[in-house]
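The stops below follow one another through the chain.

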Amino acid sequence: MKKRLLLIFLAITFHFLSDAQCTVSISAADSLICSGDTAALTAFTVGEGHELDGSNIGGNNQRGNMFDIVATNAVTIFGFDVSPMGNTTIEIYYKAGTWNGFANTPSAWTYVGSAPVVYTGGFVSVAFPMNITIPAGQTYGFYITSNSTFTSLNYSNGNAVGNVYSSDANITFLEGGGLDYPFTQGTGAVYQPRVWNGRIHYAVSIPASTTYLWGQGQTTGQISQPLTSATTYTVESTVPGCPTMYDTLTINVSTPYVNAGSNVSVCAGDSVTLTATGSATYSWDPVITNGQTFLPLASANYVVTGTDTAGCVAMDTAFVEVFPLPGVSAGADQTICQGASLTLSATGADTYVWNHGVTNDVPFEPIATNTYTVVGTDVQGCQNTDSVTIAVYPFTTDITVSGEIILIGNPWSGVTYQWINCSTNQVIAGETGQAYLATENGSYAIIISNGQCTDTTDCVTVSTVGLGENSLDNLVSVYPNPSNGTFVIRAAANSDLEITDLNGRLVKKIHLNNAQTEIELFETNGIYLVKWIKEGRSVVKRIVIQKN
């Protein structure tokens, strides 16, 4: 089936005669149809030729004339004789309907053709073939003109535009007007009434006694049949006054073909290219562009309509299957303590690949907080990803010993402490700071907790408690204790004093000139260590700052 408008194809054999015009011609909607379409053909017979004269008395002239011919019976105009006043070239135009009112409208006219003529002093034929059919009862306007500025055509003055000047049993010739070339030169000037000087050659179209015989056996003037291959038609026609006439026309058949290509399987989110072949142009449903990538949203049939150069169409289908992505899950976010191990087990696919060197379902020990991403692949090869965050709580478990003081380094916010005696494995009541002043020699450790994780440091040994205790400890006293920030220290004069917090930060350092010195400490509430130093000996005291 075609989807374009088709031009009328006429196969006509012209026999240009002065007094006879016997022809038969086959016409079809098109000489090329699509396979399976119906070929409709019409045989058109023109019988014995006739002629009708216009005026031949001269008396006036202009470049050309417009006039009407009225057909009593259907006729075919196949020639004109004209009366030129010199050598020139004749142009002929026609229109359905009267000429009157269209002398200055070139677009209303159809150009027939042109030919040179030689002046003879009488009628001369315009020597080119024409085949203008006027249906019975219809009026056609004609414009016959010299295209030379210097040569006019003879015509005669008339009585009234539209008056019958001459007629026979088939046509009537009417008075018209004279005008300059071309089409009044745009002035609109028409000289009327004027009678064209010339002769009309015509034949009766499809006379009533016409007979037909087609090569396929039909005897009517019109036949039709579906075709799947090229077929040649021949018609024989007879009409009184003419010899037996023949015409032949071949109807070619186009068999369209289109291939949509192979079916396609893709994963959701992947693009596809469908490229049809075999035709001249392609139209897809759903709408895509042939040979260009697109993103299918769901599985669907894609139907392509291919149109060949003859306008014939064929259809084919390609199925695009869109596989959903696997629902990969990396699991829930987790929080673990530093040094602990865990196992990541993704689900929703068939195989899994993790970043950071992790293997699915195999335990590992994260060393820091990190995001772990897994790529899961299903049996169709489709992939999806998911991520899980593993928060690792780190702890500082390194402690140092300085004399009787044990200190844990790099404390963490939100962390609680509890010192223990490793010898008894018992907690030391009230010792919940980051530093501990041992009161006796022994082995000590600290339990660290942040609410999520708990860890215990290695045990450390203190062995300096009591060395010189009787001779030194009584030499230093601090009061009041607790203090609001101002306290007194009694110790030997000409000595040094260092005050640190439990993190080991030095908050104050002074030289004691006197045996009793008042100290003012502008620090937050907490426990501070007061270290007295003189001649290589030292004593450490604790003081509690407790401001209101």
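Is Asp81 buried or exposed? Asp81 is buried, with a relative accessible area of 5%, which is under the 20% cut-off. Bear in mind throughout that this is a predicted model.

**Stop 1: Arg199 and its partners**

Select Arg199 together with Asp81. The two form a salt bridge in which the closest N and O atoms are 3.1 Å apart. Arg199 lies in strand E18 and Asp81 in strand E7 (residues 75-82), so this pair ties together parts that are 118 residues apart in sequence.

Glu51 counts as partly exposed, at 41% relative accessibility, whereas Asp81 is buried.

The structure as a whole holds 8 salt bridges.

**Stop 2: strand E8 and its neighbours**

Select residues 88-96, which make up strand E8. Strand E9 (residues 110-117) runs antiparallel to E8 and is joined to it by 7 bridges. Within this pairing, Thr89 stands opposite Pro116 in E9. Strand E12 (residues 139-146) also pairs with E8 in the antiparallel sense, over 7 bridges. Here Ile92 stands opposite Ile144 in E12.

Next, show the aromatic rings. One cluster is formed by Phe67, Phe80, Tyr94, Tyr140, Phe142, Tyr165, Phe173 and Trp196. Across the whole structure, a search finds 18 aromatic pairs.

Move to Lys95 and Phe102. The charged end of Lys95 sits over the ring of Phe102, 4.1 Å from the ring centre.

**Stop 3: Asp68**

Select Asp68, which is in strand E6 (residues 64-71).

**Stop 4**

Select residues 370-377, strand E31, along with residues 351-354, strand E30. These strands run antiparallel and are joined by 4 bridges, with Val353 opposite Val375 in E31. On to strand E32 (residues 383-393): 8 bridges join E31 to this strand, again antiparallel. The bridge partner of Thr371 is Thr389 in E32. E31 and E32 form a hairpin with 5 residues between them, and Gly381 in the turn has a positive phi of about 85 degrees.

**Stop 4: Arg542 and Glu431**

Finish with Arg542 and Glu431. They form a salt bridge, the closest N and O atoms being 3.2 Å apart. Arg542 lies in strand E47 (residues 537-545) and Glu431 in the loop between strand E36 (426-427) and strand E37 (435-437), so the pair ties together parts that are 111 residues apart in sequence. Arg542 counts as partly exposed, at 34% relative accessibility, while Glu431 counts as buried, at 10%.

Note on methods. Residues are numbered from 1 along each chain as its sequence is written. This is a predicted model: local features need pLDDT of at least 70, side-chain atom pairs count only at pLDDT 80 or more; totals for chains, interfaces and linings use all residues. Side-chain values use heavy atoms; hydrogens and water are left out. Two strands pair if DSSP finds at least two bridges between them. Helices (H or I, at least four residues) and strands (E, at least two) are DSSP runs, numbered from the N terminus. Rings of Phe, Tyr and Trp (its six-membered ring) pair if their centres lie within 6.5 Å; planes under 30 degrees apart count as stacked, over 60 as edge-to-face and the rest as tilted. A charge sits over a ring if NZ of Lys or CZ of Arg is within 6 Å of the ring centre and within 35 degrees of the ring normal. A salt bridge is a side-chain nitrogen of Lys or Arg within 4 Å of a carboxyl oxygen of Asp or Glu. Buried means under 20% relative accessible area, exposed over 50%, partly exposed in between (1.4 Å probe, protein chains only).
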